[in-house]
Amino acid sequence: MRKTSIILSLLLVAITVTTHAAPENLKLHGAALHKVAGLFKVLNGFLYLENPEHAQNILADVPKKLEFEYLRDIKANLLVENSLETLCENLSPEELAKIQVRVGHVNALFGDVKKGDRYSLYYRPGQGTELGYNGKVMGNIPGADFAAGYFAIWFGNNPLSKSFKQNVLSGEQL
């Protein structure tokens with residue numbers, strides 16, 4: 001019951017990504033295709049890191065950017081539901097409660113995705129997590145705890161896609 005109330009209050013979003021250019025000192029580490037049910041191509045994802053060794057502890061307080069290029073139209077509510085479910089599978093109720101308001105802020109910035117759209121999630125230690133949409137900065141969410149929690153959707157112990165996580169972190173390219 002508590003999990004359901006957290007889900008309803010969070011309305012989380014699967015954050016995605018922006019431009020395909022490497023930001024500042026970050027270099028493309030890995031790229032992968034994400035499919036639903038192993039059949040439907042949903043997005044291409046790109047992980048940028050300052051140091052390849054950061055892939056070993058991706059949820060640590062280190063600079064990182066995750067960028068998504070959508071391959072089909074997707075309604076925001078589907079992204080929200082999948083993300084929220086995955087977030088709940090990766091964080092304790094206490095961890096979720098700590099980032100709940102900030103997740104709500106991200107949700108307010110997120111909308112339906114059209115084929116070709118790009119979302120980005122760019123974390124800078126001490127500055128927060130920047131949400132970008134098609135190259136435009138939509139907002140900045142403070143806190144290393146938020147970044148670790150939100151990136152857990154893709155890189156936690158129970159990620160949205162285990163194959164995506166493995167491919168991106170291992171340095172594979174599309």
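Me: Which residues do ring pairs link into a cluster?

Reply: Phe68, Trp154 and Phe164 are the ones. This is a predicted model, where local features need pLDDT of at least 70 and side-chain atom pairs count only at pLDDT 80 or more, while totals for chains, interfaces and linings use all residues. Residues are numbered from 1 along each chain as its sequence is written, and side-chain values use heavy atoms, leaving out hydrogens and water.

Me: How many aromatic pairs does a search of the whole structure find?

Reply: Six. To pair, the rings of Phe, Tyr and Trp (its six-membered ring) need centres within 6.5 Å; planes under 30 degrees apart count as stacked, over 60 as edge-to-face and the rest as tilted.

Me: Good, then what makes phenylalanine 146 and tyrosine 150 a stacked pair?

Reply: Their ring centres are 5.3 Å apart and their planes meet at 20 degrees, so the pair is stacked. Both residues belong to helix H4 (residues 144–155) and are four residues apart, about one turn of the helix. Helices (H or I, at least four residues) and strands (E, at least two) are DSSP runs, numbered from the N terminus. Both phenylalanine 146 and tyrosine 150 are buried, where buried means under 20% relative accessible area, exposed over 50%, and partly exposed in between (1.4 Å probe, protein chains only).

Me: And why is the pair of tryptophan 154 and phenylalanine 164 called tilted?

Reply: Here the centres are 4.9 Å apart and the planes stand at 55 degrees, so the pair is tilted. Tryptophan 154 is in helix H4 and phenylalanine 164 in helix H5 (residues 162–169), so this pair ties together parts that are 10 residues apart in sequence. Tryptophan 154 and phenylalanine 164 are both buried.

Me: How do you know that the charged end of lysine 64 sits over the ring of phenylalanine 151?

Reply: The charged end of lysine 64 is 5.5 Å from the ring centre of phenylalanine 151 and sits over the ring. The term asks for NZ of Lys or CZ of Arg within 6 Å of the ring centre and within 35 degrees of the ring normal.

Me: What makes strand E2 mostly covered?

Reply: In E2 (residues 40–49), eight of the 10 residues are buried.

Me: What is the reach of helix H2 against its expected span?

Reply: The expected span is 1.5 Å times one less than the number of residues. H2 (residues 76–90) has 15 residues and reaches 21 Å from its first C-alpha to its last, close to the 21 Å expected.

Me: Why is threonine 129 called buried?

Reply: The relative accessible area of threonine 129 is 0%, so the residue is buried. Threonine 129 is placed in strand E5 (residues 128–133). Leaving aside residues up to four places away in sequence, threonine 129 touches several others, among them Tyr123, Ile141 and Phe146; a contact means heavy atoms within 4.5 Å.

Me: And why is asparagine 134 called partly exposed?

Reply: Asparagine 134 has a relative accessible area of 40%, so the label is partly exposed. Asparagine 134 lies in the loop between E5 and strand E6 (136–141).

Me: What is the phi of asparagine 134?

Reply: Phi is near 50 degrees, a positive value in a residue other than glycine. Most residues other than glycine have a negative phi. Asparagine 134 sits in the hairpin of E5 and E6, which has two residues between the strands. E5 and E6 pair in the antiparallel sense over five bridges, and tyrosine 133 stands opposite lysine 136 in E6.

Me: What is the mean pLDDT of the chain?

Reply: The mean is 86, and 87% of the residues reach 70 or more. Over residues 1–20 the pLDDT is below 50, and this stretch has 82 contacts in the model beyond near neighbours in sequence. pLDDT is the predictor's confidence in each residue, from 0 to 100.

Key
Pairing = 2+ DSSP bridges.
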